[in-house]
Amino acid sequence: IPAPLPAKNLDLIQARLAEQGQSLYLPKIPQGFTQAQSQFYIDPTTEEIFWSELYTRGNENLMFGLILNKGISQTVYEKDDTPVEEYVYHGTTHYIFSNNGTTTATWMVENTEYYMWATDGAVDMKELIRSVYETG
């Protein structure tokens, strides 16, 4: 069983966000999913932070991640030929799209890029997005 993100890394993420007047947004992971992998990386050149958490439930996968960019996001996402859905919630536009049996949502808060993807049908992506903004 992988260890959760070490407290020092989580503290670093929260400190970087606080410098920009932001808070850390985390989704409520649906019942039955267990953490399978955690990745944390700081680019030594740009000092950008990359963090992701993979959860599994049987053959279903769910990943949540963020990138603390130092400038404009350079991330490129792959998608199939279905249209991108713009879902506005909590004053933020979230982009939802599909590719190769997965559904992805991505959005920006200042220079912080959040993303989630899940096996098609594993979760209600809009419900997962809404859970990001719940407190308590």
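Contact here means heavy atoms within 4.5 Å, and helices (H or I, at least four residues) and strands (E, at least two) are DSSP runs, numbered from the N terminus. This is a predicted model, in which local features need pLDDT of at least 70 and side-chain atom pairs count only at pLDDT 80 or more, while totals for chains, interfaces and linings use all residues. Residues are numbered from 1 along each chain as its sequence is written, and side-chain values use heavy atoms, with hydrogens and water left out.

Let me begin with helix α2. Its residues Met125, Leu128, Ile129, Ser131 and Val132 are buried, where buried means under 20% relative accessible area, exposed means over 50%, and partly exposed lies in between (1.4 Å probe, protein chains only). These residues cover an arc of only 160 degrees around the axis, so they sit on the same side of α2; the arc is that of the directions from the helix axis to the C-beta atoms. Among the elements that cover the buried residues of α2 are β3 (60-68), β4 (85-89), β5 (92-99), β6 (102-109) and β7.

Now to the start of that helix. Asp124 is placed in the loop between β7 (112-119) and α2 (125-132), and with 43% relative accessibility it counts as partly exposed. At the start of α2, a side-chain oxygen of Asp124 comes to within 3.1 Å of the backbone nitrogen of Lys126. That is a polar contact, meaning a pair of N or O atoms within 3.5 Å; within protein, one must be able to donate a hydrogen and the other to accept it, and residues adjacent in sequence count only if both atoms are side-chain atoms.

Which side chain does Lys126 meet in a salt bridge? The partner is Glu85, at 2.5 Å, N to O, and because Lys126 lies in helix α2 and Glu85 in strand β4, the pair ties together parts that are 41 residues apart in sequence. A salt bridge is a side-chain nitrogen of Lys or Arg within 4 Å of a carboxyl oxygen of Asp or Glu. Lys126 is partly exposed at 27% relative accessibility, and Glu85 is partly exposed at 34%. The structure holds two salt bridges, and one of them joins the side chains of Arg57 and Glu60 (2.8 Å, N to O).

Finally, a residue in strand β6, namely Thr102. Thr102 is buried, with a relative accessible area of 18%, and its side chain reaches the backbone oxygen of Asn99 at 2.7 Å.
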